[in-house]
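Student: I have a structure open and want to understand the words used for it. Can we go through them one by one?

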Amino acid sequence: MTKRKTRNIVQRALSQLELGDHPGLSSIQSWIEAKNGRPIVIGELSTLRGNDICGFWFLHDGVDYVLHAPLNSSWHRQYVILHEFAHLILGHRCTPTSQLMVDLPGFPGGPIQVLGRTSFEDEDEAATELLAGLLMERVSRSQDLPADPAGFSKVFG
Ligand SMILES: [Zn+2]
C-alpha cells in the first residue's frame, strides 16, 4: 500500500468520526461502541511489559477489551489506548502478524489471538499509527496538552 492510499484510508475514517468540539478518550470510546454495538473495557494488565508490547485489543464474549501495560505517563497511556481504538475504527481484525497470547488471566478458553503493536512496517499498523497520531492531536488540543511531546509525528507522519 502506498503512503497516499494509507492517508486516504485514514482521512476517510477520520471524516466519519463525530467527536464533537471536545474529543476525548471517552467520546471516542462511545462512538466506537455505538458503531460496533459492543462495549469496550479498558484495563491495565500488570503482567504486560511495556518494553515489548504496550497494549493490545481483543474481542472476547461480545466485549472489546483494550489492555495496556502499566504506564507511568498518562500521555503514553492515552496514546496506547488511542492506538487500539484506531484499530477498531479502521475495522481491523486479527491478521497474520497478530500475536498469540496464552493464559491471559481472567479469560478462560486457551490461546487468544490479539492485535498488538507488532510491526510498524505492517500496512495496517501504518494506518493505525497515522490515525492514532491524528486522534491524539485532536484530544490534546481539546485538553490543552502538548500535542506531540515524544515527536511521534516525525517518525510516523
Ligand atoms: Zn497496532
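Predicted model: local features only at pLDDT ≥ 70, side-chain atom pairs only at ≥ 80, totals over all residues.

Student: What makes α2 roughly parallel to α3?

Tutor: Helix α2 (residues 25-36) and helix α3 (residues 74-89) pack at an angle of about 20°. Angles under 35 degrees count as roughly parallel. So α2 is roughly parallel to α3. Their axes are 11 Å apart.

Student: Which residues make that contact?

Tutor: L25, I28, Q29, I32 and N36 come from α2, and Q78, I81, F85, L88 and I89 from α3. They divide into 7 nonpolar, 3 polar and no charged.

Student: Why are α3 and α4 called oblique to each other?

Tutor: Their axes cross at roughly 125°. Roughly perpendicular covers 65 to 115, and roughly antiparallel needs over 145. The rest, past the roughly parallel range, counts as oblique. α3 and α4 are therefore oblique to each other. Their axes come within 8 Å.

Student: Which handedness does each crossing have, left-handed or right-handed?

Tutor: α2 passes α3 in a left-handed crossing. α3 passes α4 in a right-handed crossing.

Student: What does A86 touch, not counting residues up to four places away in sequence?

Tutor: A86 touches T128, L131, A132 and L135.

Definitions and conventions: Residues numbered from 1 in each chain as written. Axes fitted to C-alpha atoms, helices over the stretch in contact; angles between N-to-C directions. Helix = DSSP H or I, 4+ residues; strand = E, 2+ residues; numbered from the N terminus. Left-handed = near helix turned anticlockwise from the far one by under 90°. Contact = placed C-beta atoms within 7 Å. Nonpolar A, V, L, I, M, F, W, Y, C, P; charged D, E, K, R; others polar.
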